[in-house]
Amino acid sequence: MTSIAPGIPDGFARHFRQSPVTDPWEPLYMRRADDLFVLALRIDTPHCNARGLLHGGVISALADNAMGLACVLLLENASALTINLSVDLMSTGKVGQWLEVRAAPTRLGKTLAFADARVFADDALIAKASATFRILTR
């Protein structure tokens, strides 16, 4: 598979799901491999704080999104509501870096799901996250 845009790593496609909270951060990209769901973007000015560094709120929102999708993509006719989110910010990203949120479920149940994520800027670990979701059947 070839890159879909200059500077986008092979294997990524445009993210299939739009959301009002992430619309200002488009374009978003995604990749799936077994239980792993990866949400990604090229860090740009709208993702940054006043010091020009990747904002922790962007990291948190993308991690929440990626972990929830990692869970519901493995469940049939389900959606998820976040009931707990924990994010450890260990470093930061800068404009121009490739950001990947690599999320995977750790436990899927009928009413609750749990997931972990690791966040990388140009393959350097910058954050870890975990979440608990309430599973809703459609």
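Analyst: A strand is a DSSP run of E with at least two residues, and strands are numbered from the N terminus. Keep that in mind for this predicted model.

User: Where is the place of His15?

Analyst: His15 sits in the loop between β1 and β2, and β2 covers residues 29–33.

User: Why is His15 called buried?

Analyst: Buried means under 20% relative accessible area. His15 has 4%, so His15 is buried.

User: Which residues is His15 in contact with, leaving aside its neighbours within four places in sequence?

Analyst: His15 is in contact with Leu28, Tyr29, Met30, Phe37, Leu39, Asn65 and Leu69.

User: What order do the 7 strands of the open sheet take?

Analyst: The order is β1-β2-β3-β5-β6-β7-β4, with antiparallel pairing.

User: Why is one side of β1 and of β4 left without a neighbour in the sheet?

Analyst: β1 (13–14) and β4 stand at the edges. Each has a single partner strand, so one side of each has no neighbour in the sheet.

User: What makes β3 and β5 a pair?

Analyst: Two strands pair if DSSP finds at least two bridges between them. Here 6 bridges join β3 (residues 36–42) to β5 (residues 98–108), so the two strands pair. They run antiparallel.

User: Which residue in β5 is the bridge partner of Val38?

Analyst: The partner of Val38 is Arg102.

User: How do you know that Arg102 forms a salt bridge with Glu100?

Analyst: The cut-off is 4 Å from a side-chain nitrogen of Lys or Arg to a carboxyl oxygen of Asp or Glu. The closest N and O atoms of Arg102 and Glu100 are 2.9 Å apart, so the pair counts as a salt bridge.

User: What makes Asp123 and Arg102 a salt bridge?

Analyst: Their closest N and O atoms are 3.0 Å apart, within the 4 Å cut-off, so the pair counts. Asp123 lies in the loop between β6 (112–121) and β7 (124–137), and Arg102 lies in β5, so the pair ties together parts that are 21 residues apart in sequence.

User: Why is Asp123 called exposed?

Analyst: Exposed means over 50%. Asp123 has 61%, so Asp123 is exposed.

User: Which residues are linked in a network of salt bridges?

Analyst: Arg31, Glu100, Arg102 and Asp123 are linked in this way. The structure holds 4 salt bridges.

User: How do you know that Glu26 and Arg14 meet in a salt bridge?

Analyst: Their N to O distance is 3.0 Å, within 4 Å, so the pair counts. Glu26 is in the loop between β1 and β2 and Arg14 is in β1, so the pair ties together parts that are 12 residues apart in sequence. Glu26 is partly exposed at 24% relative accessibility. Arg14 is partly exposed too, at 45%.

User: What is the volume of the largest pocket, and which residues are closest to its centre?

Analyst: The volume is about 320 Å³. Of 16 lining residues, Arg17, Asp64, Asn65, Leu69 and Ala80 are the closest to the centre. Two elements, α1 (56–72) and β4 (78–89), each give two or more residues to the lining. α1 gives the largest share, 6 residues. By class, the lining has 6 nonpolar, 7 polar and 3 charged residues.

How values were computed
Residues numbered from 1 in each chain as written. Predicted model: local features only at pLDDT ≥ 70, side-chain atom pairs only at ≥ 80, totals over all residues. Heavy atoms only, no water. 1 Å grid on protein atoms, 1.4 Å probe; cavity = no way out; pocket = protein on both sides within 12 Å on 5 of 7 lines; lining within 4 Å. Points joined across faces, edges and corners; volume = space filled by probe spheres on them. Helix = DSSP H or I, 4+ residues; strand = E, 2+ residues; numbered from the N terminus. Nonpolar A, V, L, I, M, F, W, Y, C, P; charged D, E, K, R; others polar. Buried < 20%, exposed > 50% of the residue type's maximum accessible area, 1.4 Å probe, protein only. Contact = heavy atoms within 4.5 Å.
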